[in-house]
Amino acid sequence: MLGDSRTEGAELVLDQLRKAYDRTLAVEDVGLQVRRGELVSLLGPSGCGKTTTLRMIAGFVEPTSGSIWIRGRDVTRLEPYKRDTAMVFQNYALFPHLTVFDNVAFGLRRRRMPSPNIRSRVGEMLELLELGGLERRYPRQLSGGQQQRVAVARALVVSPSVMLLDEPLSNLDAKLRAGTRVELRRLQQELGLTAIFVTHDQEEAMAISDRIVVMNRGRIEQVGSARDVYLAPATQFVANFIGASNTFSGTVAGAEGDSVVLHTPMGTLRGPRAGSANKTPAADAPASLIVRPEEIRVSSPDVETGLDTNVVRGVVQVSSYLGATVDLSVRGATARSFSRAEPIMLLACTRSEPTSACAGL
Ligand SMILES: Nc1ncnc2c1ncn2[C@@H]1O[C@H](COP(=O)(O)OP(=O)(O)O)[C@@H](O)[C@H]1O
Ligand SMILES: [Mg+2]
């Protein structure tokens, strides 16, 4: 049992949640507290345990161990419909033989709400999601975006304590997806909804979330705001999964305060300690420095940077113009391979401390 201090003020608490299938540990020791009105994303690659976690919260999958609390109540063994959650499924799972109105009214009828109240409540939801006028249509007569909004309306209509969304935008085309996620975020904030949003798309998670839970192989790698996970990734996995990054691997040369100095084949680099490297990293331990592309300045090789660290020489192999940015594929030039005859560039970090040094990786 959890003490009050763990559940107090939290709308949803997951405590050491675990799910084992015959051969797979799908979810392992997942712990999380979600505040009222917060939108938290579960982000990670396919198969990392996002859906299993969500379905355990909803009550469709029984945890092997651990517990789930909603508004201070242990719901771990409760039937799904007694949990005060509502789910939006990836494929929407609308009832094909029911009209838009009846799809949205479904949860209210199950709760035995009187008909006149159902009519006004469903009407409100259809207005809110800009589905007015479509109430008599069947799901097959709707566009993908409209079906998606019906699925959201059907979940919202019962005023759940916690809304659960499993990749709700993945069936929409890219443009509609970006617009819809803004709409969803606006709605969630306006209504003060508590929501768990599952996605494998890091940009989507960053755009929509108060906090992001980055998952890998059934475990939580990091929980933090979009800024946290981007600027201070706790692990190499998070660094690679969230946004583009350049990784420079080498060995620890020393530590100065909160900085770590690395010797790499491309030069000496310095960055802040991150992740599990709270203790002073041992000299010569393998370590990597992760640098975000926007922190790198590219110059011609004869420019005087005035920097003695964080300058790397390389040879441009491919240059791809992408509109707002240019993608450069650069081969590092070591002292030996470096030849004045090759077209070379100098990469210098614009900040004296680039993103993140993960010692001991
Ligand atoms: N019903 C099941 N039986 C056996 N293994 C399952 C079942 N559901 C999910 N898994 C496995 O659990 C892991 C996590 O799956 P899932 O939660 O669906 O991942 P995600 O939603 O992140 O893609 C995967 O390895 C998957 O194959
Ligand atoms: Mg899934």
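Colleague: How many helices and strands are there in the protein chain?
Modeller: Residues are numbered from 1 along each chain as its sequence is written, while chains are lettered from A and ligands numbered from 1 in the order in which they are written. Helices (H or I, at least four residues) and strands (E, at least two) are DSSP runs, numbered from the N terminus. The protein chain has nine helices and 19 strands.

Colleague: What share of the residues of the protein chain count as buried?
Modeller: A residue is buried if 20 or more other C-beta atoms, placed from the backbone, lie within 10 Å of its own, exposed if 12 or fewer, and partly exposed in between. Of the 361 residues of the protein chain, the buried share is 38%.

Colleague: How far does α6 reach from its first C-alpha to its last?
Modeller: Helix α6 covers residues 174-191, which is 18 residues. The expected span is 1.5 Å times one less than the number of residues. The model comes close to that expected value, with a reach of 26 Å.

Colleague: Which residues of α6 are buried, and how wide an arc do they cover?
Modeller: The buried residues are Arg181, Leu184 and Gln188. They lie on the same side of α6 because their arc, taken from the directions from the helix axis to the C-beta atoms, is only 65°.

Colleague: What do the buried residues of α6 pack against?
Modeller: The face turned away from the buried side carries exposed residues, including Lys175 and Glu190. Contact needs C-beta atoms, placed from the backbone, within 7 Å. The partners of the buried residues are β3 (39-43), β8 (194-199) and α7 (202-208).

Colleague: Which helix gives the largest share of the shell around ligand 1?
Modeller: The shell residues have C-beta atoms, placed from the backbone, within 6 Å of the ligand. Among them are Tyr21, Cys48 and Lys50. The largest share is three residues, and it comes from α2 (residues 50-58).

Colleague: Why does Gly218 count as buried?
Modeller: Gly218 sits in the loop between β9 (211-216) and β10 (219-224). Beyond four places in sequence, it touches residues including Cys48 and Gly49. Gly218 counts as buried because its C-beta neighbours inside 10 Å number 22.

Colleague: Where does pLDDT stay under 50?
Modeller: The chain has a mean pLDDT of 86. Where pLDDT is low, the predicted coordinates should not be read in detail. The stretch under 50 is residues 335-343.

Note on methods. This is a predicted model: local features need pLDDT of at least 70, side-chain atom pairs count only at pLDDT 80 or more; totals for chains, interfaces and linings use all residues. Two residues are in contact if their C-beta atoms, placed from the backbone, lie within 7 Å. pLDDT is the predictor's confidence in each residue, from 0 to 100.
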